[in-house]
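The sequence and structure are shown below.

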Amino acid sequence: MANGSKQFVDFAKIKATMADPYKHPVQVIDREGKVVNPDILAEYSDDQLVDFMKKMVWERTLHEQTMNFSRQGRLGFYAPTAGEEASEMGSVTAFKEQDFLLPAYRDLPQMIQHGASVAKGFLWSKGHIEGNQYDNPNMIFPQIIIGAQYVETAGVALGIQKNGDKDRVAFVYTGDGGTSQGDWYEGINFTSAYQAPAVFFVQNNGWAISVPRRKQTAAETLAQKAVAMGVPSVQVDGMDIVAVHEVAKEAREFAAAGNGPVVIETLTYRYGAHSSAGDDPSRYRTKEEEKPWFDADPLIRMRKVLTDKKLWSQDQEDKLVEEYKDEFKNAMKEAEAAPAQKVSDFLKWTYNVPTPAVKKQIAEFEAKESK
């Protein structure tokens with residue numbers, strides 16, 4: 001403001017208040033396991049609440065068993081999910097079989113819930129082609145490029161719209177780091193411009209490998225970024241499975257009704273390393289930072305609610321864990337029994353019509369592989 005003249009636009013006030021609508025994340029069960037929105041909880045039957053808990057125990061056990069397989073050298077790349085059970089199981093269960101899932105590499109649990117087998121998930125981690133083939137056709141294999149699945153989602157959502165499909169949406173996940181990618185903006189903006197049916201999830205787990213959320217963007221929340229693209233958005237407590245499910249369910253209904261896309265930011269936390277490739281979170285995170293998140297563990301919260309309702313016991317949970325472990329061990333045996341891949345096959349798949357040089361290589365490798 002020059003020479004004390006009257007201020008025409010108060011940019012400081014705009015900056016200070018533009019995140020206000022997103023500073024109160026939607027919540028049903030608080031960090032201590034207390035029900036803060038009983039009206040919403042009352043909409044869920046005891047069986048539904050128990051099923052939520054079973055699915056989170058399933059995912060936590062899948063994570064632990066998969067990490068064991070990784071340490072044994074039986075898998076390739078794996079992105080740990082411990083801490084994100086409420087965000088992932090709460091959201092994926094809000095969608096229907098006909099909805100199209102576009103996962104990122106940390107979304108194997110959602111893929112399995114949406115129709116892939118556990119063995120297929122292990123095969124994907126091992127880099128086997130059969131890990132990209134699912135019984136449910138409404139799904140694509142996990143995207144490795146950060147944020148690229150958002151652009152793919154725009155195409156799928158527009159296809160759903162142009163085909164005139166009713167009661168069908170595309171849904172997609174990325175982490176907080178994905179919102180710093182151009183693909184994230186392009187995908188949402190395109191979908192918004194055409195008002196195509198999509199639900200975009202941002203699992204804000206605090207870290208993009210070793211980069212904290214606060215260093216990626218100056219935005220106070222990630223949900224507010226959607227406003228620039230004309231998309232309604234919300235921030236939800238991602239450690240509260242009931243709140244995540246309710247928000248995801250309503251977002252799906254909104255998008256399926258022809259109202260355009262929705263963005264949902266789930267506030268969660270990645271307990272372990274970014275991947276099984278070996279980064280050490282103790283080098284960039286402190287125990288003091290981690291403790292509040294461990295205290296807010298989604299399984300602890302739901303366990304308290306169900307225990308108070310006399311719907312859950314530790315013995316029940318222990319038995320489930322053992323059942324799930326057996327399921328995953330059998331799935332690994334199935335994955336390891338898949339036919340070994342051949343270099344000659346990779347070469348055959350490179351071109352629809354192999355070039356002379358590739359034909360020569362195919363012949364050379366087939367000769368070696370036949371011995």
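## Contact of H3 with H12

Leu-49, Val-50, Phe-52, Met-53, Met-56, Val-57 and Arg-60 of H3 are in contact with Pro-298, Leu-299, Met-302, Arg-303 and Leu-306 of H12, contact meaning heavy atoms within 4.5 Å. By class, the residues of this contact are ten nonpolar, no polar and two charged; Ala, Val, Leu, Ile, Met, Phe, Trp, Tyr, Cys and Pro count as nonpolar, Asp, Glu, Lys and Arg as charged, and the others, Gly among them, as polar. The model is predicted: local features need pLDDT of at least 70 and side-chain atom pairs count only at pLDDT 80 or more, whereas totals for chains, interfaces and linings use all residues. Residues are numbered from 1 along each chain as its sequence is written, and side-chain values use heavy atoms, with hydrogens and water left out.

The axes of H3 and H12 (residues 298–308) come within 10 Å and cross at roughly 150 degrees. Axes are lines fitted to C-alpha atoms, for helices over the stretch in contact, and angles run from 0 to 180 degrees between N-to-C directions. H3 and H12 are therefore roughly antiparallel, given that angles under 35 degrees count as roughly parallel, over 145 as roughly antiparallel, 65 to 115 as roughly perpendicular and the rest as oblique. Their crossing is left-handed; this term applies if the near helix is turned anticlockwise from the far one by less than a right angle, and right-handed applies if clockwise. Helices (H or I, at least four residues) and strands (E, at least two) are DSSP runs, numbered from the N terminus.

## Contact of H3 with H4

H3 also packs against H4 (residues 85–92), at an angle of about 125 degrees and with the axes 9 Å apart. That angle makes H3 oblique to H4, and the crossing of the two helices is right-handed.

On the H3 side the contact involves Lys-55, Met-56, Trp-58, Glu-59 and Arg-60, and on the H4 side Glu-85, Ala-86, Glu-88 and Met-89. These residues divide into four nonpolar, no polar and five charged. Met-56 and Arg-60 of H3 also belong to the contact with H12.

## Contact of H6 with H13

The axes of H6 and H13 (residues 314–336) come within 8 Å and cross at roughly 55 degrees. H6 and H13 are therefore oblique to each other, and H6 passes H13 in a right-handed crossing.

Val-118, Ala-119, Phe-122 and Leu-123 of H6 meet Glu-327, Phe-328, Ala-331, Met-332, Glu-334 and Ala-335 of H13. This contact has eight nonpolar, no polar and two charged residues.

## The cavity

One cavity of 30 Å³ or more is found in a search of the whole structure. On a 1 Å grid over the protein atoms alone, a cavity is a set of points where a 1.4 Å probe fits but cannot get out, and a pocket is an open set with protein on both sides within 12 Å along at least five of seven lines; lining residues have an atom within 4 Å of a point. The largest cavity has a volume of about 60 Å³, a volume being the space filled by probe spheres set on the points, with grid points joined across faces, edges and corners.

Its lining consists of Leu-62, Thr-66, Tyr-78, Leu-108, Pro-109, Ile-112, Val-118, Gly-121 and Phe-122. H3 (46–71), H5 (108–113) and H6 (118–125) are the elements that give two or more residues to this lining, which comprises seven nonpolar, two polar and no charged residues.

## The pockets

The largest pocket holds about 290 Å³ of space. Of its 23 lining residues, Tyr-105, Ile-146, Thr-174, Gly-175 and His-274 lie nearest its centre. Strands S2 (170–175) and S4 (207–208) each supply at least two lining residues, and the lining as a whole has eight nonpolar, eleven polar and four charged residues.

The second largest pocket has a volume of about 170 Å³. It is lined by 14 residues, of which Gln-161, Asp-165, Pro-197, Ala-256 and Gly-258 are the closest to its centre. H7 (148–162) and H10 (241–259) each contribute at least two residues to this lining, and H10 gives the largest share, four residues.
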